[in-house]
Amino acid sequence: MKKLLTALLAMCMVLSLAACGGSPAPASPAPAPASGSSDAPPAAPGGEKIPISVIAAEYGQNTKDWWAKFQSDFNAANTGIDLTVEVVSWNDIYTVVNTRISGNAAPDILNIDVFADYQADGLLLPAKEYVSEATYNKMYPAFLEQSVVDGTVWAIPDLASARAMYYNVDILKNAKVEVPTTWEELKAACEKIKAYDANIYPWGIDMTTDEGQAAFAYYIWNNGGDFTDANGNWTLNSDKNVEAIEYAIGLVKAGLTNSDPATDTRYALQDMFGAGKVAMMIGPNSIPTYIKDGGSTINYAFAPIPTNGGNPSVSAGVMDRFMCFDNGHSPEKIEAIKTFFDFFYDDARYSDWVLMEGFLPATSAGGEIVAKADASMAPWVEIVGSCKFYPTAKAEWADVKQGVINVEQQALLGGNVKELLDSLQKQIAG
């Protein structure tokens with residue numbers, strides 16, 4: 001395992017260290033201000049509570065319970081603020097948020113991956129307006145830079161994950177398969193595993209609305225392709241991209257993957273991997289925590305993502321964010337929002353959030369605590385930088401993200417990959 005980890009890190013395995021009010025005081029002493037807040041909790045004029053609404057993405061089995069406790073603890077510690085946190089699944093969060101925005105009911109704070117389209121529509125506040133200087137300075141600059149448009153940071157990093165190829169050691173051993181490093185080896189390995197046991201899915205693919213853009217990235221990046229060229233121009237229909245997606249679709253059509261990549265989310269795949277029903281899959285560094293929480297005892301390891309054409313292995317650095325909508329907040333409301341982030345990014349509390357689902361931290365102090373608390377996370381935390389990020393700072397990213405998922409799903413139904421990507425390129429770039 002150590003040898004595999006060393007090889008993985010040497011081949012540029014990612015880390016993207018990286019998520020954006022009170023009634024009169026009771027007769028008994030009020031709770032002390034939250035750790036990280038230098039002033040007393042803010043209150044609205046007249047003693048009314050300041051309401052803060054948050055929509056947060058659901059990362060796994062523990063997310064809802066964690067946020068419920070956070071909400072309770074925060075409101076107890078900040079009696080002048082009334083915080084409500086709504087946790088929404090990744091499959092639904094984009095629809096929920098866009099519906100709220102169209103109804104002039106945007107949340108105050110949103111936890112999601114994309115931000116550029118909201119910024120381009122003039123809906124967001126600059127990060128420095130709603131995050132205290134002390135909390136802002138905790139964050140790794142490299143991750144703040146992923147949310148810069150026109151020299152301004154518009155969102156702050158929540159957390160991140162790195163991606164690798166996970167494999168079931170026993171299945172590969174019994175099928176007499178070596179760990180694949182190239183696409184040719186991967187397809188051959190899948191064929192051997194299928195011949196060994198037809199009840200096992202050799203390779204897992206998620207082309208759902210949950211993570212289909214990640215699948216697109218895995219294949220194009222490891223074929224020397226990309227979303228854009230060096231000048232930032234969209235290159236969605238490049239020859240390398242077409243070849244990459246045709247390869248992935250070919251694995252599905254050959255019966256070498258899970259039977260329905262358009263509906264099998266990463267969580268379904270992780271469940272199947274933990275149950276020994278999927279032999280190999282690409283997934284985040286949080287998989288060990290996920291399958292352990294699910295009671296799995298399989299013997300597994302991880303390795304670099306297989307590549308094609310002699311290209312180096314590339315992994316996806318996925319960073320999610322917090323952002324604050326410009327809802328005409330009063331100065332008191334802005335201070336309440338700053339209090340929220342001070343409370344969230346308290347070193348111990350934030351580290352608990354990151355460790356809960358096995359993600360990677362956005363702050364240096366969080367990184368130190370996570371590395372000490374979980375030795376298996378230490379190698380990830382030590383790496384500064386990443387191999388590839390989605391081009392999320394481009395305003396078209398939300399459309400591109402949905403567009404590549406649509407391409408994959410239509411290709412699964414028999415659509416021509418080149419024609420589909422040509423159409424998407426024309427739609428995005430003109």
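How do the residues of the lining of the second largest pocket divide into nonpolar, polar and charged? I took this as my starting point, bearing in mind that the model is predicted.

**Entry 1, the pocket.** I looked up the second largest pocket and noted a volume of about 280 Å³. Of its 15 lining residues, those closest to the centre are Tyr94, Thr95, Asn98, Ala398 and Gln402. I then went through the elements that give two or more residues to this lining, and wrote down α3 (90-102), α4 (116-120) and α18 (397-412). The largest share comes from α3, with six residues. To settle my opening question, I recorded that the lining divides into six nonpolar, five polar and four charged residues.

Asp150 is not a glycine, yet I found for Asp150 a positive phi of about 55°. I placed Asp150 in the loop between β4 (148-149) and β5 (152-153). With a relative accessible area of 77%, Asp150 is exposed, because the cut-off for that word is over 50%.

Lys176 lies in the loop between α8 (169-174) and α9 (183-196). Is Lys176 buried or exposed? I read a relative accessibility of 69% for Lys176, which therefore counts as exposed.

Notes
Residues numbered from 1 in each chain as written. Predicted model: local features only at pLDDT ≥ 70, side-chain atom pairs only at ≥ 80, totals over all residues. Heavy atoms only, no water. Helix = DSSP H or I, 4+ residues; strand = E, 2+ residues; numbered from the N terminus. Buried < 20%, exposed > 50% of the residue type's maximum accessible area, 1.4 Å probe, protein only. 1 Å grid on protein atoms, 1.4 Å probe; cavity = no way out; pocket = protein on both sides within 12 Å on 5 of 7 lines; lining within 4 Å. Points joined across faces, edges and corners; volume = space filled by probe spheres on them. Nonpolar A, V, L, I, M, F, W, Y, C, P; charged D, E, K, R; others polar.
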